[in-house]
Amino acid sequence: MCCESKRRFLLLYATQKGQAKAIAEEIWQQAGAHGLEADMHCISEMDKYNLETEKDPVVIVISTTGTGEPPDTARKFVKKIQDKTLPPDHFAHLQYGLLGLGDSEYMFFCNGGRTVDRRLQELGAQHFYDTGLADDCVGLELVVDPWIDGLWLALKEALQLQKEKEGMNNAVNAVSSSLSTAPHAVRELKLSSEVQNLKLEDEEARGSDTLSQKLDDINHVAPAGDAEPSLVHSVPPVSQSALNIPALPPEYIEVEFQDTQGENPHLSSLISEGRTFEVPVTKAVQLTREDAVKTALLLELDIADTAFEYQPGDAFCVMCPNNVSEVEKLLHILGLSEKGDNFVCVKVKQGTKKKGAVRPQHIPERSTLKFILTWCLEIRAIPKKAFLRALVECTSDAGEKRRLQELCSRQGASDYTHFIRDSNVCLLDLLHAFPSCKPSLSLLIEHLPKLQARSYSASSSDLYQPGRLCFVFNVVEFPVGPSRPVSRKGVCTGWLAELVAPLLHPSKNSQGTKGESSSIEKISIFPRPTNAFHLPADPSVPFIMVGPGTGIAPFIGFLQHRQKLREQHTDWEFGETWLFFGCRHQDRDYLFKQLQCFLKNGTLTHLKVCFSRDSSAAQVAPPKYVQDVLRLCAKEVARVLLKERGYFYICGDKKHMADDVSDAVVDILSMEMEADKLEAMKRLAMLREAKRYLQDVWS
């Protein structure tokens, strides 16, 4: 047996931001220690594998993006397997295990993985291992780690059954059909209080793919007087534990410094989503008062001379750079302050042990160092455990080294969640906390993910404002905290606010009026149209809009579009429109007081507003939140949804608003239908399925 070649399995990943790929790579790395060989491919590389003829077990790691869609890399695959002409036994030969990644803050949790899982089952494929659904809201590792631990035994059993089946087939073809393995019921491995207690069934094999950190360095950890753990200090039992830490990821990138001659690539080369458009910012307006809790800005873009198209409800993406001072600080820590303008050539390291190593697509083969750190790498990303493991090797202080080992270990999982994940710690915070850590540039390129473009909802209508695209956003603020030594603004919102400052506060010498300027700044955007968050195709259908705060943005586009349609088609029948808007203070952050104009001209039939922080002298306190106002309009809401087959739109914060609105709608349906809550929830699910209850939310 020891002389046998490693048994193969097919490993596919579908990733949007790199997490699924990183997990697949972890599986690939561990496979060898278990006597297995993972044939790993991106699910989009359909020329490199063929599920129709695949005989070996298949492992799929797939994320979810948007409002429950499979990642962009899986779209062609999903379209292919959803072909309705495929027979129900199309994949009857296939054995697979699937790990889905998602975020329970969003309605369609792990829907990318669920979609693929369900369809493979419909086409006759069989599970050799239970489906895992990992939740990024509480920490993917809580499900991912035990799922991977249990994978090896399941794979070996599947391969053994396959081997026995092949042997029997060769001996007695007549009975081959009776030897196929019975499909397992899908038991979704969800987070529960028992996840921490999952036992390893293959402990002997595990020893070869993890390193055990012994107690040699315990005297370098937190002083005995520190009763509370922190980012840099641990307490028992973690500080006194032998640690199981991940295997060191193989290095695979090398960087060659060159001179300062040449040109950086165009930003459009950094995205795979299609064409980018460089458009001028023609107007900027601060919608909130200076003393408001949040600063909301409206920006207007000139798209008249481009082929950019959108409709109300669509989103688009803004390509943004990292903060200049943060890039400079990182260069200083790396000891490369003098080489920021030097061109670097990024190549795959010769002799690397990383399977299928390639230069990351988002890293140009040749560009300046500053360009890479400014436009290519998400330097604000929360470091993954594999990155922490790699940083251990770059740290000289024994105490700092031990703490980094703890944070990436199984024993330190809770500390990682609390002090890194939940605290939104980034690389700069880590390097500040662990000053003896001096990573190389190549290590950053290997571990930092792609700098993602930021998505915004269109807040205008091209029919109403031809050649103009507007959007609204709050300037995100990250205050100083125990793990964050300095306050920061959001990567994109902070950059945009700084970019349009001359438009918001023009100098006395400027010839432009407030909000407009002769010095035009440009930004790069690309479309990201939605599939469903649009006005009803039939204008006579009524609809309800719920959008507190900046969640009102797409509904301004809805109302602009509806107003123009009413002007152009006076003979059409238009359904009633409801808008529920809320903010903290009527005089500070009531973003669009021109809503009254839509009300007066009949475009908006009903406007309901509430102010959560304003005091009231009324005997009966007014409702504070949009869900409270909805309940006051229960009969009308139920009429629109149940009798008139209307639409219901929600836009805004998921955690603190959309879920509460959903609960309110269930209560309304239950009351007006005179049915129990379960029946009301079923009706709401039917509305979602019919695309009549639509959400555009964020966490």
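Hi everyone, let's start with helix 13, residues 491–499, which is mostly covered, with eight of its nine residues buried. Those buried residues are V491, C492, T493, G494, W495, L496, A497 and L499. Please keep in mind that this is a predicted model.

What does helix 13 lie across? It lies across strand 11 (296–302), strand 12, strand 15, strand 16 and strand 19 (521–528), and it runs at about 70° to strand 15.

Six strands make up an open sheet, ordered 15-12-19-10-11-16, with antiparallel pairing. At the edges sit strand 15 (454–457) and strand 16 (468–474), each pairing on one side only. From one strand to the next, the twist averages 40°.

Which strands run parallel to strand 3? Strand 1 (residues 7–14) pairs with strand 3 in the parallel sense over five bridges, and Y13 stands opposite V61. Strand 4 (residues 95–102) is also parallel to strand 3, joined by five bridges, and in strand 4 the bridge partner of I62 is G100. To get from strand 3 to strand 4, the chain passes through helix 2 (residues 75–81), and this β-α-β crossover is right-handed.

Let's finish with the largest nonpolar core. It has 52 residues, of which L330, L388 and L391 touch the most other members. Where does this core lie? Domain 2 (272–320 + 453–505 + 520–531) and domain 3 (321–350 + 360–451) both contribute residues, so the core lies between them. Leaving aside residues up to four places away in sequence, L391 touches L404, L427, L430, C437, P439 and L443.

One more residue for you to find: T395, in the loop between helix 8 (385–392) and helix 9 (398–407). Is T395 buried or exposed? T395 counts as buried because its relative accessibility is 4%, and the cut-off for buried is under 20%. Again not counting residues up to four places away in sequence, T395 touches E400, K401, L404, S436 and C437.

Thanks, everyone!

Note on methods:
Residues numbered from 1 in each chain as written. Predicted model: local features only at pLDDT ≥ 70, side-chain atom pairs only at ≥ 80, totals over all residues. Heavy atoms only, no water. Core = buried A, V, L, I, M, F, W, Y, C linked by side-chain atoms within 4.5 Å. Buried < 20%, exposed > 50% of the residue type's maximum accessible area, 1.4 Å probe, protein only. Domains from an automatic or database assignment. Contact = heavy atoms within 4.5 Å. Helix = DSSP H or I, 4+ residues; strand = E, 2+ residues; numbered from the N terminus. Pairing = 2+ DSSP bridges. Right-handed = clockwise from strand over helix to strand, strands pointing away. Axes fitted to C-alpha atoms, helices over the stretch in contact; angles between N-to-C directions.
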